[in-house]
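Hi,

Here is the structure I said I'd pass on.

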Amino acid sequence: MAVRSRFRRIPLISQLEPSTYVVYLGFLLIFAAFAILLRDEGFLSVSNLSNIVQETTPVTVMTIGMVFVLSAGEIDLSIGSVVAIAALASAVVMRAHNWALGVAAGLSAGVMVGLVNGALVAYARLPSFLVTLATMGLLAGVARWMTNLQSVPVTDATFTGLFGSGSLFGIPSLVVWTALAISLGHYFYRETPFGARVLATGDNRHAARAAGIKVDRLRLTVLVLGSTCAAVAGLLYLGRIQSARYTLGETDLLTVIAAAVVGGTRLDGGTGSVLGALIGSLLMGMLNNGLILMGLAVSEQMMVRGFIILVAIVLTLREPRRTP
Amino acid sequence: MNTAPALSLGNIRKSFGGIVAVEDLSLDIHRGEIVALVGDNGAGKSTLVKIIAGMHPPSSGEIRLAGELVHFNDPSQSQAKGIQVIYQDLALAENQPVYMNLFLGREKTKGRFGPLDRAGMIAETEELMRELNVRIPSAKSAIRKLSGGQRQAISIARATHWATNLVLMDEPTAALGITETSKVEEIITGLKARNLAILIVSHSLDQVFRLSDHICVLRRGKQIGVRQTKQTDKNEIVSMITGLKETA
């Protein structure tokens, strides 16, 4: 039960679980390290910092969705494929119609995938890990088939402004998206009965059901939410890159899970944090940015990033297991 | 005022396929009264609790709440009628704070669609804990940081907070140590003052004699008899449970 840490005797820190503060400490440490090591490469410049936030926006949005999914005791492995499908659907529709229809098409693709995943998990009673493992592969195939591996450009200025290069009162639109997603996510997670029920369901599904919570509907809702966040991420990639391709989001799944876990969300449900998810995902983005600025080769970047994520997870999850 | 019993079971019978789990059971429980249900393993005690809670509808017979005939097909229907059940396996969400567990599924919000009213839930939890004389470090503690006795006390507090008619307890102290058991018994005795009807299933005859007003004995699904606790003794109850001496 005791937090086994040398900080135990400091009253304020001993109250906190390591998982709730390690990510902030780690973030500050790495930030400080880069700020010193890369002071001549412009790491601390406003444009570089804003760049980090903008490049991370799709991952941040997906991580927020994943926090809800993991907290409910489920997992969604298909989000990477949903990113590509939503971006492609949106781009294809925008070739012939206006941008709003394109956005609607992208979002509906996400909702539909979520409904299928959710129905299989909540009503056909299959484990979400296996269901979404299967739909991940299936949808990756669909994404390749949709445009026969071709990329689809998007030129609509309203769309690319809104989801990519635009700005609101001088703030880049992707930064606005990050702020909006975090505020909404945090509010629903911490301040509504829905968030409380997600946590309770992930914690003890039988207790939640005995308390009158409609557990099956909630699990479906959470998977739809996760998948819809991935679709939004697809639109954000599309707005920034201005072209949809089946490779979009391909490598994001593990980054998202790492960001969520490093941010204090447990893989086995019942505990999590949306603000931690933001820090976790910014940490991933900052690592990408800093390691590139350091001039490391791609292979070296991958190794260093993997090592730092591993350390972060070890520190985050080093809390004692729940006592029986 | 309605003087009909809070719960009245009439000729309840339940069979699963060809196996009769409960046959022809009739029992009244009044408000402010604790009735104990005793019997050997497989006597049908837990089945009876599940019938009243709406988890297994009875094959035949009737259930009346304060005189009103009810049919439950689902636990949420019995909850809506003011019935709460406490199971021995502690149905609590371990990583959530005490107050969230108390309000699970019925969270307080500021206004209809407003944000969670955490301060309100915490205050109400603290008041309830004071009333029931339950000592916990804080209403904000996570359940996993509490002892088994504290957890069961919280289950009971939750049930009594939401029950308006009847509390069913299936072996509420089976998982607890001696001091924790006596603490929980103290709380159960306190519930009589809240004018609820209480049905408790227990294996411990000492406990049954300490707590109950009436004792209902089951054996292999049959109702052997109901005794007033003050006018019987352990020997009689044991012989009724084991069937060594029929006293119908």
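A quick definition before the rest: by a nonpolar core I mean a set of buried Ala, Val, Leu, Ile, Met, Phe, Trp, Tyr and Cys residues joined through C-beta atoms within 7 Å. Also, keep in mind that this is a predicted model.

With that in hand, the largest nonpolar core has 165 residues. The members that touch the most others are A:Val83, A:Ala86, A:Ala87, B:Leu166, B:Val167, B:Leu168 and B:Ile198. The top contributor to this core is helix 11 of chain A (residues 215-241), which puts in 16 residues.

Now the place where the chains meet. Chain A brings 20 residues to the contact and chain B brings 18. On the chain B side, helix 2 (residues 75-80) supplies the largest share, 3 residues. That side of chain B splits into 8 nonpolar, 6 polar and 4 charged residues.

Helix 3 of chain A (residues 46-71) is worth a look too. There is a bend of about 55 degrees at A:Thr57, with a proline, A:Pro58, following within four residues. Just past the end of helix 3, A:Gly73 has a positive phi of about 85 degrees.

As for confidence, the predictor's scores for the complex are an ipTM of 0.79 and a pTM of 0.84. Chain B averages a pLDDT of 85, with 96% of its residues at 70 or more.

Cheers

Note on methods. Residues numbered from 1 in each chain as written. Chains lettered and ligands numbered in written order. Predicted model: local features only at pLDDT ≥ 70, side-chain atom pairs only at ≥ 80, totals over all residues. Bend = angle between axes of the 7 residues up to and from the residue. Helix = DSSP H or I, 4+ residues; strand = E, 2+ residues; numbered from the N terminus. Contact = placed C-beta atoms within 7 Å. Nonpolar A, V, L, I, M, F, W, Y, C, P; charged D, E, K, R; others polar. pLDDT = per-residue confidence, 0-100. Buried ≥ 20, exposed ≤ 12 C-beta atoms within 10 Å, placed from the backbone.
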